[in-house]
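Visitor: I have a model open and would like to go through it in a few questions.
Guide: Go ahead.

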Amino acid sequence: MPRSAPTPCRYPGCMAVLTNPGYCDSHRALVHRDYGRMRRSFDNEVGFYQSSTWRRLRANFLRLHPLCKACADQGQSIAAGVVDHITPIKEGGARLDKSNLQSLCVSCHNRKTARETAGKRAGG
Ligand SMILES: [Zn+2]
Ligand SMILES: [Zn+2]
């Protein structure tokens with residue numbers, strides 16, 4: 001009974017021999033997980049912002065800190081509409097630690113987000 005020639009797993013250094021070209025069972029799962037990782041971490045972050053824990057904390061924080069922090073630093077009193085993570089979650093900042101939160105107005109928050117995105121593109 002002729003069969004296709006055995007081929008090694010394409011994962012570097014893996015000694016598994018397969019009847020079909022590609023990855024062995026364990027490395028196939030590994031490679032797929034890598035593909036899905038970016039997407040999943042994004043979904044997790046979105047899920048966090050929709051969680052009741054965050055919504056409650058956010059509402060509480062805005063009640064305690066109703067003015068934009070960045071505008072206050074400039075001597076202006078602008079109503080805040082956003083609770084911002086000082087160290088972004090995707091950079092390892094604490095999600096629910098009040099010391100990592102600040103109230104910002106929408107335009108200050110947009111400016112901060114744009115700065116973070118620009119910084120990332122520049123490689124910093
Ligand atoms: Zn393998
Ligand atoms: Zn502001």
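Visitor: Which residues make up the largest nonpolar core?
Guide: This is a predicted model. A residue counts as buried if 20 or more other C-beta atoms lie within 10 Å of its own, and 6% of the 124 residues of the protein pass that test. The largest nonpolar core has five residues: C68, A70, A80, L104 and C108.

Visitor: Which residues does A80 touch, leaving out those up to four places away in sequence?
Guide: A80 belongs to the largest nonpolar core. Contact here requires C-beta atoms within 7 Å. With residues up to four places away set aside, A80 touches L62, H65, P66, L67, C68, S103, L104 and C105.

Visitor: Which residues of β4 point the way opposite to L101 and S103?
Guide: L101 and S103 share one direction from β4, and both are buried. The residues pointing the other way are buried too: Q102 and L104.

Visitor: What is the bridge partner of H85 in β4?
Guide: Strand β3 covers residues 82-85 and pairs with β4 in the antiparallel sense, over four bridges. In β4, H85 has as its bridge partner L101.

Visitor: Where in the protein is confidence lowest?
Guide: The mean pLDDT of the protein is 86, with 85% of its residues at 70 or more. Strand β4 (residues 101-104) has the highest confidence, at 98. Where pLDDT is low, the predicted coordinates should not be read in detail. The lowest confidence, at a mean of 74, is in helix α1 (residues 25-50).

Note on methods. Residues numbered from 1 in each chain as written. Chains lettered and ligands numbered in written order. Predicted model: local features only at pLDDT ≥ 70, side-chain atom pairs only at ≥ 80, totals over all residues. Buried ≥ 20, exposed ≤ 12 C-beta atoms within 10 Å, placed from the backbone. Core = buried A, V, L, I, M, F, W, Y, C linked by C-beta atoms within 7 Å. Contact = placed C-beta atoms within 7 Å. pLDDT = per-residue confidence, 0-100. Helix = DSSP H or I, 4+ residues; strand = E, 2+ residues; numbered from the N terminus. Pairing = 2+ DSSP bridges.
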